[in-house]
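This report describes a protein model of several chains.

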Amino acid sequence: MTKPMTRPMTSQAALHATQQAIPRVVLRGGRIVDSRGERAGDVAVENGVVTEVGDRITGGDIVDVSGCVVAPGFVDLHAHLREPGKEEAETIETGSRAGAKGGYTALVAMPNTDPPQDSVAVVDFVREQGKRAGLVEVVPSGCITLGRKGEALAPMAELAAAGVRIFTDDGNGVQDELLMRRAMEYGKGLGVTLAQHCEVATLTKGAVMNECSCCTTLGLPGWPSIAEELMVFRDIELARLTGARVHFLHLSTARSVELVRAAKRDGLPVTAEVTPHHLSLDETRLASFDTVYKVNPPLRSPHDIAALRAGVLDGTIDALATDHAPHPRREKELSLDQAPPGMLGLETALGVALGVLEVDLAHLVRVMSINPARIAGISDRHGRDIEPGAPANIVVFDPRVEWQVEPGKLASKSRNTPFVGTTLRGRVRHTLFAGGRGPFSVRDGEAQA
Amino acid sequence: MMKHLRSIDELGRDGLMRLLDLTHHMVEVNHRPVPKVPALRGRTVVSLFFEDSTRTRLSFETAAKRLSADTMTFSVSTSSVNKGESLRDTVETISDMGIDAFVVRHKSTGIPWQISEWTNASVVNAGDGWHQHPTQALVDCFTVREALGKERFDGLTLTIVGDIMHSRVARSNIAAFSMLGARVVLVAPPTLLPPDVSHWPVEVSYRLDDVLARTDILYMLRLQSERMSQGHVPNLREYAETYGLDAVRAAKLPPHAVLMHPGPMNRGVEMLVDPSLLPNSLIHKQVANGVAVRMAVLFDLLAGESSAAGLAQAAS
Amino acid sequence: MSNIVMSADDVRRAVTRIAHEILERQRGGAQLVLVGLQRGGAWLADSIGAAIDAIEPAARVPVGYIDVSMHRDDIGLRPVVPGAISRIDFAVDGVTVVLVDDVLYTGRTVRAALEGINTYGRPRSVQLAVLVDRGHRELPIRPDYVGKNLPTHMDDDVRATADGVTVEGKPR
């Protein structure tokens, strides 16, 4: 008996066939939180799209999410996925998995890879790796300057044509004022956002922690706050001059918040982000000499922390961004001055944020999803209201459950987080991702790929 | 009680007094025809010196040997640290050989604390970055105690002159001398002072000449030539003029005042007069007391009351 | 419950007798020195030294003290806190050293003292004078001069001063 010949399916058809085989998912009994506020409601998802929102929806794979929040998936404006170049610490796949477990449906990948994301080839590679992993949308950022050297502009138009919406030299700030002016003018023409890592390098040589009384006692070179504030001030004024859209990465000082607040009052198109760790940990942690606390910008004073929290509450700071920075164990097991700065963030962001911010859930969703989606230029598919027709990029989280951060259970390849062994309140239960092989990227806390 | 000697603050006033008292015993041992006791027989003390310092390292090794301990030396140039083995791997490998104490000097702050996480051995800080050098402070306190015949330094003024910002000797001495009741004055240009000393038990002056008359102990720090290229001081000549000890300044000191320096000296920079010509220089005594102090430290950590608790814990 | 086994007078007489015995044995021999074991033997060395001085001033017997804590064989097994500092201001090479201690028990302290003395030089010979020998030796050490032999139980507490010697027994 001859076997009937089968034609190989196209990938589109294959996807369609796969999705057809999956019944629709109904998130039953949750509390929907998006830009419209909070409301009870069931959500039906089919073929990567929200098809129905209402009461007592039936039919399909019913998932009980009572007690949980159902919100647009989180968007991280600032994640180091380390691929290409430092796959020992993280790959786009493991980073995506960590992101999905943290409730993220999109990650802006920082460009300090090796080779850096200053060419279309690398940007496309990063995007494709993200698609292959199929757990979050990996949105590559582009370098402002070639090689992030701060000397000559990267081919921003080419990169913008390849889909890049945010440009940054993160890891470094652009030191030269004229070059930054040019970048802003050029970027304005392209309609892209320039994101700055604010650090005047000459003031922070060898610095290991915040410059303060603690570093005096510990005899460690300090990172004075003005090294950040001077560049924040400079770029605000350059933005005023050029009209460019500027986003400030990982703000860490009270005065930086004040400067941004004043700039917004003046109607300038500036935005800002803060990391969960800068909202919760202060400089005295360095007294333990544990390199897990070494970050750039450094952990600051309680006064700074209070101002940052206030900035999130009053909208001066638009977004929480993790600055997820994985490092292999052996690199963090060096002296404080030799260890690279950075800590993980994707899987603990929600828990830490809920622990330190006294905000209502609508505001939390605003700073973790809606605003960052807008700043990243992806709000057509992320950070959207949960309504029929919207792509199903959704996070379902329990804001009250307490859980212990166990190193063995982290999806990231690295382990450099100070929250290991601590108890956090608030945890992602499910993440739905429209670009995946199935509706869920994470189901019941387990990554689906 | 005390498993490590990493900083003066960790040691505390009681520990400080205990070690100073124990040093007298060790001074006596060092005067014997056979200056050796079997107290640490069978124990192994490893020198982990990541920074060049022949003098301090030899001082520790001599101390260990006089207590009959075995010694091992691990210097960074011959180590596998340069081949990419992490610090942790190095410490764990040596620890696995069954050793009792590490004596560590490193140019990075915090190394002794990090090392303590990776080994059961006692850790002695022989200098970590700009942070602490507790045995130097013990040597200095003991030298003053011996010279002035006092156990407490109430009413005495210790003036430390020089590159305070980068000085672990200064930090340890500020803590130790304050614990013993001394008043501490720091003299330096603002560029060589740490960013914020408001919470330190010190007085600050930018002018050495203003404080000489009320100084009982003058402690000169060494100025490294790199400070010039880093913009801390315009040039060494200017530094020597404003903060160096010359004959004119030496004459302004009260007759009973003593002079100290942790060594090595930069002649022509902070020292413009030959200290051996000054009657009250304790610099030689500081060197001489180094071994006895370090013997006291090793004995206390490995054989004293403090170590018995550790042994009891290990046995239980 | 404390038993007085030697009164102050008994102690004084024993010291005098020991001083005579030391001198008699030494007759015409090498230079004598007394070394009291800190802390218990220090007062006794002083007493014996004074007695010798009274009997034969020409003998010129110096008195020193040795702290044996750093020579003990139980370092690391229990806390060792050095007592008073050693002081031996005379030559030890070629002389007869009489170690002096108040109570001789296991013999370990004396062993430590023997080792300690070696760091000062090489004596011609070493003898041992004790006020009380309470038995229970754990090493082959024997005294040359004894004030009183006193059988005791191991958990008895024996105290010796110039004012007398007491034994306190634990309830059995």
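## Contacts between chains

Two residues are taken to be in contact if their C-beta atoms, placed from the backbone, lie within 7 Å. The model is a predicted one, in which local features need pLDDT of at least 70 and side-chain atom pairs count only at pLDDT 80 or more, whereas totals for chains, interfaces and linings use all residues. Residues are numbered from 1 along each chain as its sequence is written, and chains are lettered from A and ligands numbered from 1 in the order in which they are written.

Of the 2 pairs of chains in contact, chains A and B share the most contacts. On this interface, 21 residues of chain B meet 16 residues of chain A. Helices (H or I, at least four residues) and strands (E, at least two) are DSSP runs, numbered from the N terminus. At least two residues of the chain B side come from each of helix 3 (87-96), helix 4 (111-116) and helix 6 (168-179) of chain B. Helix 4 of chain B provides the largest share, 3 residues. By class, the chain B side comprises 7 nonpolar, 10 polar and 4 charged residues; here Ala, Val, Leu, Ile, Met, Phe, Trp, Tyr, Cys and Pro count as nonpolar, Asp, Glu, Lys and Arg as charged, and the others, Gly among them, as polar. Chain A and chain C do not touch, and their nearest C-alpha atoms are 30 Å apart.

## Domains of chain A

Domain bounds come from an automatic or database domain assignment. For chain A this assignment gives domain 1 (14-70 + 390-447) and domain 2 (73-376). The centres of domain 1 and domain 2 of chain A, taken over C-alpha atoms, are separated by 26 Å. Their contact involves 35 residues from domain 1 of chain A and 40 residues from domain 2 of chain A.

On the side of domain 1 of chain A that touches domain 2 of chain A, two or more residues come from each of strand 1 (25-34), strand 2 (37-46), strand 16 (394-404), strand 17 (423-432) and strand 18 (440-443) of chain A. Strand 17 of chain A gives the most, with 6 residues. This side of domain 1 of chain A holds 16 nonpolar, 12 polar and 7 charged residues.

## Nonpolar cores

A residue is buried if 20 or more other C-beta atoms lie within 10 Å of its own, exposed if 12 or fewer, and partly exposed in between, with C-beta atoms placed from the backbone. A nonpolar core is a set of buried Ala, Val, Leu, Ile, Met, Phe, Trp, Tyr and Cys residues joined through C-beta atoms within 7 Å. The largest such core has 135 residues, of which A:Val70 and A:Ala376 touch the most other members. Helix 13 (residues 361-376) of chain A supplies the largest share of this core, 8 residues. Because domain 1 and domain 2 of chain A both give residues to this core, it lies between them. Another core, of 96 residues, lies apart from it and includes B:Ala121, B:Leu156, B:Phe177 and B:Leu221.

## Strand pairing in chain A

Two strands pair if DSSP finds at least two bridges between them. Strand 1 and strand 5 (residues 69-72) of chain A pair in the parallel sense over 2 bridges, and A:Ile32 has A:Val70 in strand 5 of chain A as its bridge partner. Strand 5 of chain A is joined to strand 16 of chain A by 4 bridges, in an antiparallel arrangement. There A:Val70 stands opposite A:Val396.

An open sheet of 5 strands in chain A has the order 9-10-13-14-15, with parallel pairing. Strand 9 (166-168) and strand 15 (319-320) of chain A are at the edges with a single partner strand each, so one side of each is left without a neighbour in the sheet. Strand 9 of chain A runs parallel to strand 10 (residues 193-196) of chain A and is joined to it by 3 bridges.

## Backbone geometry

Most residues other than glycine have a negative phi, and most peptide bonds are trans. A:Arg82 has a positive phi near 65 degrees and is buried, with 27 other C-beta atoms within 10 Å. B:Ser68 has a phi near 70 degrees and counts as partly exposed, with 15 C-beta neighbours inside 10 Å.

The peptide bond from B:Gly263 to B:Pro264 is cis, with omega near -10 degrees. A cis peptide bond also joins C:Gln38 and C:Arg39, with omega about -10 degrees.
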